[in-house]
Amino acid sequence: MPDMQALVNEFLVKLKKRKIEGSQATAKQTAELIRSVISQQRVPYSNQAGALMDAVNAVGEQLIAANPVELAVGNIVRRVLHIIREEYLSLTTAAVAGLNLLSVSDDEDDTEHDDHPVLSAAAVAAAARSTLRPPSLQTLLEDVPDATAIPRTSSSGGDSEGKSKSADKSSRTRKLKHDVIEAVNELIQDISTCHEQIAEQAVEHIHQNEVILTLGSSRTVLEFLCAAKEKKRSFRVFVAEGAPRYQGHLLAKELVSRGLQTTLITDSAVFAMISRVNMVIVGAHAVMANGGVIAPVGLNMVALAAQRHAVPFVVLAGSHKLCPLYPHNPEVLLNELRSPSELLDFGEFSECMDFGSGTGSPLLHVVNPTFDYVPPKLVSLFITDTGGHNPSYMYRLIADYYSADDLVVQRRPATGS
Amino acid sequence: MDSRRTPRTVIDPKVRHVGFFAPPDRANSGQTDPISTSSSPSPPAADISPSGNSLSPVMIPPPRQSSDSRPIPLVHHPASPLRRESIPSGSSYNPSDFFAPATSPTASSSFASMTAVGGYGESSDDVVALSPGRAVRGGSFRASASSSFPGGGFDLTALKASSVPASELTTVSVVNMPPVIAEKAGGASVEMQNNRTANLKPAKEKTTKAERRALQEAQRAAKAAAKAEGSKLLGGGSSAVTSVNVKPVKGTKTASQKNDSVSVAASDKKVGDRLAEKDRKKEVPQPRMQYDDKSRVDKAKRRAVVNQTEARNRVELFRHLPQYEHGTQLPDLESKFYQLDHVHPAVYKVGLQYLSGDVSGGNARCIAMLQAFREAIKDYLTPPKKNLCRDLTAKISSYVSFLIECRPLSISMGNAIRFLKSRIAKLPLTLSESEAKALLQSDIDRFISEKIILADKVIVKHAVTKIRDGDVLLTYGSSSAVEMILLHAHELGKQFRVVIVDSRPKLEGQLLLRRLVGKGLNCTYTHINAVSYIMHEVTRVFLGASSVLCNGTVYSRVGTACVAMVAHALRVPVLVCCEAYKFHERVQLDSICSNELGDPDAISKVPGRVDLNSFDHLASSEKLQLLNLIYDATPSDYISMIITDYGMVPPTSVPVIVREYRREHLWI
């Protein structure tokens, strides 16, 4: 356990110091960390899922607090919580179904008997759900019944289980943990292969002689374009350099080395060039539940220009970037200001910077935000690893990956465990 | 229509803000005419005032004007010939067109009586007979009028004494006007007036074609003579005449010269029409060089002084624009400094400054160029057996093409050059060389001071009214006009904050930032990608412009369109500050058809970012192209207001200003 804590702390420091960049890397490392947390977690006999979720919640809370702007961390934590729920549910329903099957096979003719186990299975599932539930709106509001419900259901569940299959209890416990870890592994796999899955769809979206504009650098975009190139499409790419990090230079270099016709332009020339562009393809930092995009700085401008010229604005996003939260004032709240040194040379302007104008506030401010918010109405299409989607559909897609009860990642009050 | 103008400017001061009015001094000069003073103090007397000459039919006639002119219906008749010029209505000649626009019934009645005596064809002919006279400059006209009107039988002599200055002031059609008014002043009735014109006309009709030919020949001869004799021919009084009159006459001079050979029998209206058309055609700029036209490019290269090496990987979309590598030819050119005899050193210096980027910014470039031309004119000597006017124009043209080789002209420079050339073309032939040179130099000085420096001051005055306490003003790049506005507002003690948005590769905003912070303004600096982040707190956007085109498009430093677009999306007003001399009648929809391409290497190298400067090994790759656009076109719907020296106008009013400004060209 102590070494686990050390691992978590190390990761926390990395997040805080922004040593990890890019949502994919962050997501992957978060998932790996949580996997090891789960595997280290000792599970009690009863309420194993609850214990696992508590552990994940505790770690997740810290991780999210370490870098609240890196939404991928929260996404992964919520994904894992969802996985635990699903696994537990499938285990219990499987167990009940097995029971049911057994009972059915035992006495097929008895319909009265048949009804009862089905009912009980539903009850068990419901009970299991309510035990697992972290403070959701319902439990928060109905505090007392919940508190009473948990012990009752757990005890009753324990009772029923104790009666029928106390023998497989330990195996089930181990199976849950095992299943969860398996699922998390799958998640990690998904994260690392999302590029390929997105890139597979490239040919369906890029036609011959297309002119594509992108800004900054995104690995997903690179893979997407290269996939289309490998399928013998020939098209041209305009790359806006993406101040102040100028990652567009790297992307342009990469594209050229893969044999794509590439033109590097300044960010300011986006409006001038977009009238000759057929499609804008960009990566995202995160996709919010309303279909809005938290994207590298500058993309709002590009999206507006694209809208003006009716150019499709396509956002590529792996599923780990889908965030179940609805943004409020995302330009400010989900943003991060980076060092002014990327824009101005401290040395040159030091005399201005030091000049407090008497009142204590310096004359010169430098604003260097990292992200832009692109509202859903400016986005034409999302391409995720599950296919293309409208911005208006994102909330539904997100519902597939997250359970509504996990939106607030918080350590459960001690009553549950 | 012309008769309506002057009263309107007096009555309705609202128009004055936009600059559609004749400057007061002009009206005064009109008033000093012997005719107008002698005629009557009533407003129609101002008919002859040069506001009529300016040929600018801008006014939307207010309803009460017609009633204004009704009491003195005579006026319409004399005014109507004037109008012929300004109304480009019929393409084919129809004599009834002449007076058709005349609104007062008396005008038509007088015309009817005239036709009763003379008949249509002749009455139109006689005007033509005079039309060459208009082409001739003041002095020579005088000479020919007095000496070489052989048997014309026209009683010009009667008018001459009193009204020649006035008649020269405008066109021939005015010539028969003064007596009319003089008559009226004497208390003549309408009938009398008609009689008078009727008398006048048949007298003139007697000129036959042959005679008219002879007349023209004589005039040409006289012109030559006048030139030879210099200004001696002109009396003391006539020098004033030239100074006042040259301008309106000039406008039509070259075209009418051509007309002489085309058709003499054509009506005055037709001539006037054609003149206007020709003028317009002349003013339409030559189609710019398209660099995807191989043969022409080669031809141009052979002439070129500056040997530009073409960029390695030209951007496909921009093949029609010159794409050169920069920075290589400077030492080469410097070494040529003493060998180039056909380029004046001052011009050469400016060219090098353009090339190296030492002088940039619309106003700075324009002023530098004009001053270089001023130097060149100062040192200019007309070669023997050459015409100053022609030779100097050619000389300037060669300078301009040299400057273009160094860096493509900005639109403002194009306008300035056009101004200078028109000044040269309109130089009175009677001037001696030194006088002409002095006149040109003072013209250039005046252009710089009035059109650039004073214009900026006016813009600042207007724009400052739009800055309130607590404002957050955003500006992009570095515009001299905007900088002056901000500094002035700061001097006025307004409390505001400035957001400077900047972009690569020029990072001009940093220079502006440094200057503003040095003056104690509260500044925020950011790059263009963050513009939609910072725009939330901004209350106004002030932008400079390289040019404003006729469809309201603002042609400016690349990135301006992005800033305006984001401001528009967030409902922040966008104010464009641009001097009126930068307006241009061209229209443009995108930023691609015409633009300027900068040094592509400036794109690939990011100062201070060693990790990124690694395109070197890819330089040979044909796949990589670097595009460094200099300008872009901002659509007019993003712009709330254009602040210019004529006031604050919406972008839809740009064509009006362009047209008016061109008129004003004639006046300067």
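Colleague: How much area do chain B and chain A bury between them?

Modeller: This is a predicted model. Of the area buried between the two chains, 63% lies on carbon and sulfur atoms. B:Asn529, B:Tyr533 and B:Lys623 supply 15% of what chain B buries against chain A, more than any other three residues. The area buried between chain B and chain A is about 4800 Å².

Colleague: How many residues does the contact take from chain B?

Modeller: Chain A gives 55 residues to the contact. From chain B, the contact takes 60 residues.

Colleague: How many salt bridges are there between chain B and chain A, and which residue of chain B forms one with A:Arg276?

Modeller: There are 3 salt bridges between the chains. A salt bridge requires a side-chain nitrogen of Lys or Arg within 4 Å of a carboxyl oxygen of Asp or Glu. For A:Arg276 the closest N and O atoms are 2.2 Å apart, and the partner is B:Asp590.

Colleague: How many residue pairs are in polar contact between chain B and chain A, both at pLDDT 80 or more, and which element gives the most to the side of chain B that touches chain A?

Modeller: The count of pairs in polar contact is 24. Elements of chain B giving two or more residues to that side include helix H25 (508-518), helix H27 (560-569) and strand E3 (522-527). The most, 6 residues, comes from E3(B).

Colleague: In E3(B), which residue is the bridge partner of A:Leu364?

Modeller: Strand E8 (residues 364-366) of chain A is joined to E3(B) by 3 bridges, and the two strands run parallel. The partner of A:Leu364 in E3(B) is B:Cys523.

Key
Residues are numbered from 1 along each chain as its sequence is written. Chains are lettered from A and ligands numbered from 1 in the order in which they are written. This is a predicted model: local features need pLDDT of at least 70, side-chain atom pairs count only at pLDDT 80 or more; totals for chains, interfaces and linings use all residues. Side-chain values use heavy atoms; hydrogens and water are left out. Contact means heavy atoms within 4.5 Å. Buried area is the accessible area (1.4 Å probe) that two parts lose on being put together, summed over both. A polar contact is a pair of N or O atoms within 3.5 Å; within protein, one must be able to donate a hydrogen and the other to accept it, and residues adjacent in sequence count only if both atoms are side-chain atoms. Helices (H or I, at least four residues) and strands (E, at least two) are DSSP runs, numbered from the N terminus. Two strands pair if DSSP finds at least two bridges between them.
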